[in-house]
Amino acid sequence: MFDSENGDFDIQKSHINDSGEYVITAGLSNNGILGKTNINAKIIDDNTITIDMFGNSFYRKFKYKMVTHARVFSLIPKFDMSEKQGLYIVNSFKYLMFGFGYENMCSWAKIQNNKIQLPTKDGKIDFEFMELLISAVQKLVIKDVVLYADEKIQSTKKIVKES
């Protein structure tokens with residue numbers, strides 16, 4: 001389903017200047033985004049997935065560069081992947097976090113033949129189901145945020161009224 005690409009230049013923190021493309025590194029902080037740089041380095045297309053040495057995976061809806069010292073690689077889909085399909089597929093890679101770390105770093109060579117479970121319909125990957133499920137989850141999250149905000153507003157109004 002995917003090909004893999006790596007960065008071509010060892011981008012360091014000193015190269016981060018808040019200009020240019022995002023830089024992806026290993027780790028969960030800020031979804032692995034180190035910052036932005038305009039240093040001359042390979043740019044990876046948007047609508048791809050990154051996986052780092054710890055098995056952390058993220059969907060990237062923007063173009064980016066990658067550090068080379070942190071063993072981050074990108075998965076380039078061999079199909080027309082939408083954002084919602086990318087988000088669904090990234091969650092299918094979450095199991096990688098439990099098998100990799102400093103002592104056993106995740107790499108394309110180690111996972112390229114791994115299989116992930118995806119929904120199927122009539123013997124084919126059901127991309128429509130992925131779209132519908134992610135849309136439903138997003139709507140539920142928005143609803144919960146609105147309800148939470150409303151509850152906080154009502155609570156604040158009550159406190160102000162009582163004072």
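**Close-up views of the predicted model**

**View 1. Glu21 and Lys65 form a salt bridge.** Glu21 counts as partly exposed, at 24% relative accessibility. Here buried means under 20% relative accessible area, exposed means over 50%, and partly exposed lies in between (1.4 Å probe, protein chains only). This is a predicted model, in which local features need pLDDT of at least 70, side-chain atom pairs count only at pLDDT 80 or more, and totals for chains, interfaces and linings use all residues. Residues are numbered from 1 along each chain as its sequence is written, and side-chain values use heavy atoms, with hydrogens and water left out. The closest N and O atoms of Glu21 and Lys65 are 3.1 Å apart. Glu21 sits in strand E2 and Lys65 in strand E6 (residues 64–66), so the pair links distant parts of the chain, 44 residues apart. A salt bridge here is a side-chain nitrogen of Lys or Arg within 4 Å of a carboxyl oxygen of Asp or Glu. Helices (H or I, at least four residues) and strands (E, at least two) are DSSP runs, numbered from the N terminus.

View 2. How many salt bridges does a search of the whole structure find? The search finds five. One of them joins Asp3 to Lys78, with the closest N and O atoms 3.6 Å apart. Asp3 belongs to strand E1 and Lys78 to the loop between E7 and H1, so this pair ties together parts 75 residues apart in sequence. Asp3 is partly exposed, at 41% relative accessibility. Lys78 is exposed, with a relative accessible area of 56%. Lys63 and Asp45 also meet through their side chains in a salt bridge (3.8 Å, N to O). Lys63 is in the loop between E5 and E6, and Asp45 is in the loop between E3 and E4, so this pair ties together parts 18 residues apart in sequence. Lys63 is partly exposed, with a relative accessible area of 45%. Asp45 counts as partly exposed too, at 47% relative accessibility.

**View 3. E3, E2 and E6 form an open sheet, in that order.** The pairing in this sheet of three strands is mixed. Its edge strands are E3 and E6, and each pairs on one side only. Two strands pair if DSSP finds at least two bridges between them. The twist averages 35° from one strand to the next. Four bridges join E2 to E3 in the antiparallel sense. Val23 stands opposite Gly35 in E3. Thr25 lies in the loop between E2 (21–24) and E3 (33–37). Thr25 is buried, with a relative accessible area of 18%. What does Thr25 touch, not counting residues up to four places away in sequence? Thr25 touches Gly32, Leu34, Val67, Ala70 and Val72. Contact means heavy atoms within 4.5 Å.

**View 4. An open sheet of four strands runs in the order E1-E7-E4-E5.** Its pairing is antiparallel. At the edges are E1 (2–5) and E5 (57–60), each pairing on one side only. The twist averages 30° from one strand to the next. Three bridges join E4 (residues 48–51) to E7 (residues 73–77). Thr50 stands opposite Ser74 in E7. Helix H1 (residues 83–92) packs on this sheet and touches E1, E4 and E5. The direction of H1 makes about 175° with that of E5. Axes are lines fitted to C-alpha atoms, for helices over the stretch in contact, and angles run from 0 to 180 degrees between N-to-C directions.

**View 5. E4 and E5 form a hairpin.** Four bridges join the antiparallel strands E4 and E5. Thr48 stands opposite Arg60 in E5. The hairpin has five residues between the strands, and Gly55 takes a positive phi near 90°. From E5, Ser57 and Tyr59 point one way, while Phe58 and Arg60 point the other way. All four are buried.

**View 6. H1 packs against H3.** H3 covers residues 127–162. The helices pack at an angle of about 85°, with their axes 8 Å apart. H1 is therefore roughly perpendicular to H3. Angles of 65 to 115 degrees count as roughly perpendicular, under 35 as roughly parallel, over 145 as roughly antiparallel, and the rest as oblique. The contact includes Leu87, Tyr88 and Ile89 in H1, and Phe127, Phe129 and Met130 in H3. By class, the contact has eight nonpolar, three polar and two charged residues. Ala, Val, Leu, Ile, Met, Phe, Trp, Tyr, Cys and Pro count as nonpolar, Asp, Glu, Lys and Arg as charged, and the others, Gly among them, as polar.
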